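Thanks for coming. I will go through one structure this morning, and you can follow along on the screen.

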Amino acid sequence: MTRPVWEEPPSVAGQVAKGSMLTAVVLVVLVPLWVALVTSLSSRETINAAGGLVLVPRGIDVSAYRIIFSGGQISQALWVSVLVTVAGSAVSLLVTVLAAYGLSRPGSVGHRGLLFLFLLTFLVHPGLVPSYLVVTGVGLKDSLWALILPSALNVFNFVVVRAFFQNLPTELFDSARVDGAGEFRILWRIVLPLSKAVVAVVGLFYAVGYWNVWFSALLYIDDNEKFPIQRVLQTFILAGQTPQTSGTAVGTALPPTLAIKMAVVVVTVAPIAAVYPFVQRHFTRGVILGAVKG
Amino acid sequence: MTGGRRARRRVPLRARLRRDWPLLVMVLPGALLLLVFHYVPVLGNVVAFQDYNPYRGDSALQALLGSPFIGLDNFRALFATPAFWDALRNTLSITAFQLVFFFPLPIALALVLDSIMSRRVRTFVQTVVYLPHFFSWVLVVTFFVQMLGGAGLLAQELRQAGIDPPEIMTNPDTFILLVTAEVVWKDVGWGTIVFLAALSTIDPHLYEAAAADGAGRWRRLWHVTLPGLRPVIVLLLILRLGDALSVGFEQFLLQREAVGRQAAEVLDTFVYYHAITTGDYGFGAAAGLFKAAVGLVLILLANKVAHLFGERGVYARS
């Protein structure tokens with residue numbers, strides 16, 4: 001971008017104010033992440049010398065990570081979360097894309113009624129108690145499906161994908177239909193390859209939602225073998241309980257609890273921080289398009 | 001338009017079914033999920049009018065059919081519970097507080113971001129400030145405990161400097177500031193997206209014409225930028241108003257123990273603690289239904305007001 005000719009040059013004071021404000025905002029986000037990372041990689045001596053959390057790294061000690069990945073409750077919870085995230089995102093994307101395509105053509109049989117059924121969910125909310133009674137009533141208590149099925153279709157994501165499909169040029173489908181291609185084939189062969197951006201964004205939204213699932217687990221999962229990582233993080237850090245780790249560390253000095261805690265924080269953040277920059281450039285297009293058209 | 005509609009009508013239903021059945025098959029899984037996990041629970045709100053006993057019969061359905069109706073007794077009991085009014089008052093004050101101290105911040109940040117000329121700096125800042133939106137509330141609260149809690153970084157540094165650290169994470173009097181700070185940390189960046197998009201649709205010629213007429217930076221902001229953002233601001237205000245009785249549920253549930261019920265009980269946590277953990281489902285459903293009904297009225301009302309002021313609102317007038 002270049003400054004348009006009619007715009008007055010920026011004042012020094014304004015530039016300084018803007019620069020320091022943005023620096024402060026960036027630091028406020030990044031410092032907690034940095035402290036967690038550095039502390040998780042610190043040895044007992046470094047942590048003791050710092051009096052707790054560590055700001056400046058002195059050497060790297062990965063024993064905290066060795067502990068949490070070597071079996072025990074945290075490894076188990078990470079597996080559960082990976083499973084729920086992968087299976088949940090797959091189910092959600094499938095259901096959302098199918099419904100969005102199925103309702104993308106005004107005038108098809110049942111279009112108005114079905115679309116109304118989908119959109120009315122924005123206005124009418126069921127509330128916690130009846131939802132709880134239904135989910136437990138259909139036998140999902142202590143099943144990982146309880147973390148997936150009730151929220152598998154997010155109607156906002158449905159609206160985003162549907163708006164994207166409706167913006168594709170119709171000539172594409174018409175010619176395929178003349179050639180005798182069925183709807184499933186058109187969706188798979190023509191529509192989806194053109195919709196990678198929106199599928200990526202919506203897929204990220206779903207995946208993050210499943211990775212972050214906490215309250216559903218509090219409601220529906222009592223068996224701590226099936227706890228997802230957020231639930232363990234909460235009992236471990238916020239409620240102050242110590243998770244069981246495997247016995248492999250017997251005989252060696254255990255890394256400090258603080259380092260283990262921060263290592264759990266880091267592995268909870270890591271998948272999100274790793275995936276999201278790749279999808280970020282599509283945010284504005286995907287999100288706004290859906291919002292405006294919906 | 002009418003011609004097209006008439007032509008469509010002329011196609012018999014059976015021919016349309018033969019043409020469209022694959023589309024119906026595609027919609028089926030999603031429609032079933034919504035029916036089972038959204039609309040059945042909506043109907044399940046009848047337990048609000050029952051003396052619901054979950055152990056009657058062998059299934060939830062039998063319990064529902066077998067439990068006696070007691071009219072509005074649950075609502076009477078609800079309105080006679082002081083803790084309910086505390087929760088409602090807390091919810092409304094937090095909504096109002098955040099409307100004043102959170103809502104304008106994404107607009108301000110979007111204006112600053114929009115004025116950055118360097119594409120690289122701008123993308124970097126955006127990448128950083130969007131990130132916390134994707135963190136769970138468990139993580140966000142963990143980060144706040146880690147930085148500001150009794151054993152957090154701030155307390156640790158203050159103690160080393162010989163200063164008694166203030167109680168931040170457990171003080172009910174300042175809790176409203178704390179939860180607002182958490183919301184700002186998590187979502188101020190994400191909130192800028194919609195405003196940045198709106199800013200990019202403002203016609204640059206308007207700025208040029210205003211500048212040619214002698215309008216300085218601030219006058220252009222007032223007379224060009226803000227009117228350009230008005231539809232988006234109104235839309236988001238309506239949505240926020242419709243959600244006035246919902247404040248971050250997980251956020252409060254996670255911190256209720258630390259600061260106590262007086263400050264941290266909101267309507268959603270009230271329902272959780274007075275229904276799910278006690279098994280008093282009819283009472284909890286009554287509170288939930290009250291909340292849903294008020295929310296529906298609020299959003300319809302806000303939309304009406306928006307139409308009166310000539311804005312488009314959430315949905316069209318038709």
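**Domains, annotated spans and the core**

I start with chain B, where the domain assignment gives domain 1 as residues 2-66 and domain 2 as residues 81-308. Keep in mind that this is a predicted model. Between the C-alpha centres of domain 1 and domain 2 of chain B there are 35 Å. Contact between the two involves seven residues of domain 1 of chain B and six residues of domain 2 of chain B. On the domain 1 side of chain B, the touching residues are four nonpolar, two polar and one charged.

Next, the annotations. For chain B, an unreviewed UniProt entry lists "transmembrane region" at several spans, including 134-155 and 221-239. Residues 221-239 of chain B are 100% helix, with end C-alpha atoms 25 Å apart. Residues 134-155 of chain B are 68% helix and 0% strand, and their end C-alpha atoms lie 27 Å apart.

Chain A also has "transmembrane region" spans in an unreviewed UniProt entry, among them 46-65 and 113-133.

Last, the core. The largest nonpolar core has 149 residues, and those touching the most other members are A:Ala99, A:Val129, A:Val161 and B:Ala287. Take A:Ala99: beyond its neighbours within four places in sequence, A:Ala99 contacts A:Leu153 and A:Phe158, and also B:Met26, B:Val27 and B:Gly30 from chain B.

That is where I stop.

How values were computed:
Residues numbered from 1 in each chain as written. Chains lettered and ligands numbered in written order. Predicted model: local features only at pLDDT ≥ 70, side-chain atom pairs only at ≥ 80, totals over all residues. UniProt positions renumbered as here; feature names shortened; annotations may be inferred. Helix = DSSP H or I, 4+ residues; strand = E, 2+ residues; numbered from the N terminus. Core = buried A, V, L, I, M, F, W, Y, C linked by C-beta atoms within 7 Å. Buried ≥ 20, exposed ≤ 12 C-beta atoms within 10 Å, placed from the backbone. Domains from an automatic or database assignment. Nonpolar A, V, L, I, M, F, W, Y, C, P; charged D, E, K, R; others polar.
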